[in-house]
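Hi everyone, thanks for coming. I'd like to walk you through one structure today, going from the whole chain down to a single residue.

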Amino acid sequence: MSDIEIRDDRAAGRLEAVAGDEVVGHIEYFVLESPSRALVPVHTIVEPEHEGKGIAGSLARELYAISEREGTPVAPLCPYVVVWAERHPDVAPTPDPELLRAAKEWLVAHPGRF
């Protein structure tokens with residue numbers, strides 16, 4: 001994993017794991033603005049030839065690090081991030097149920113986004 005760089009492409013809504021010039025994994029997310037700001041991960045994908053190397057976990061850890069640096073909570077809808085957060089309560093606080101509800105409503109209102 002030492003040759004993997006994690007990049008936040010906020011405009012595209014992607015947190016990317018990059019090896020050389022190749023994106024080997026990513027988390028797709030959006031920024032919820034109401035009822036309050038939150039980072040909402042929707043999908044985590046790691047290219048098959050890179051699975052089992054800790055890339056998805058590194059992406060989830062960096063998402064929560066960004067959250068902490070920005071003072072913006074995470075409202076995870078991605079099944080992988082939900083399970084990762086449950087296993088790492090020291091860095092992944094329990095999400096606010098109201099933010100989760102709002103994030104789900106946002107997805108319903110934007111069906112072509114993900």
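Let me start with a term: the accessible areas I quote come from the Shrake-Rupley method with a 1.4 Å probe. Please keep in mind, too, that this is a predicted model. By that method, the protein has an accessible surface of about 6300 Å², and carbon and sulfur atoms account for 51% of that. As for the interior, 40% of the 114 residues count as buried.

Now the fold. You can see three helices and four strands, and from the N terminus on they run β-β-β-β-α-α-α. The radius of gyration is 14 Å, close to the 13 Å that the globule rule gives for 114 residues, so the protein is as compact as a globular protein of that length. Along the principal axes, the C-alpha atoms fill a box of roughly 40 × 35 × 20 Å. And if you take contacts between residues at least 6 apart in sequence, 50% of them join residues at least 24 apart.

Let's zoom in on Glu-28, which you'll find in strand E3, residues 22-32. What is the nearest side chain of opposite charge to Glu-28? That is Arg-14, 4.2 Å away. A salt bridge has to fall within 4 Å, so Glu-28 is buried yet has no salt bridge. Its side chain does make a polar contact, at 3.3 Å, with the side chain of His-26.

Who else is around? Leaving out residues up to four places away in sequence, Glu-28 touches Gly-13, Arg-14, Val-40, Pro-41, Val-42, His-43, Ile-45 and Phe-114.

Terms used. Residues are numbered from 1 along each chain as its sequence is written. This is a predicted model: local features need pLDDT of at least 70, side-chain atom pairs count only at pLDDT 80 or more; totals for chains, interfaces and linings use all residues. Side-chain values use heavy atoms; hydrogens and water are left out. Helices (H or I, at least four residues) and strands (E, at least two) are DSSP runs, numbered from the N terminus. Buried means under 20% relative accessible area, exposed over 50%, partly exposed in between (1.4 Å probe, protein chains only). Lys and Arg count as positive and Asp and Glu as negative; His and the chain ends are not counted. A polar contact is a pair of N or O atoms within 3.5 Å; within protein, one must be able to donate a hydrogen and the other to accept it, and residues adjacent in sequence count only if both atoms are side-chain atoms. Contact means heavy atoms within 4.5 Å. The radius of gyration is taken over C-alpha atoms; the globule rule is 2.2 Å times the number of residues to the power 0.38.
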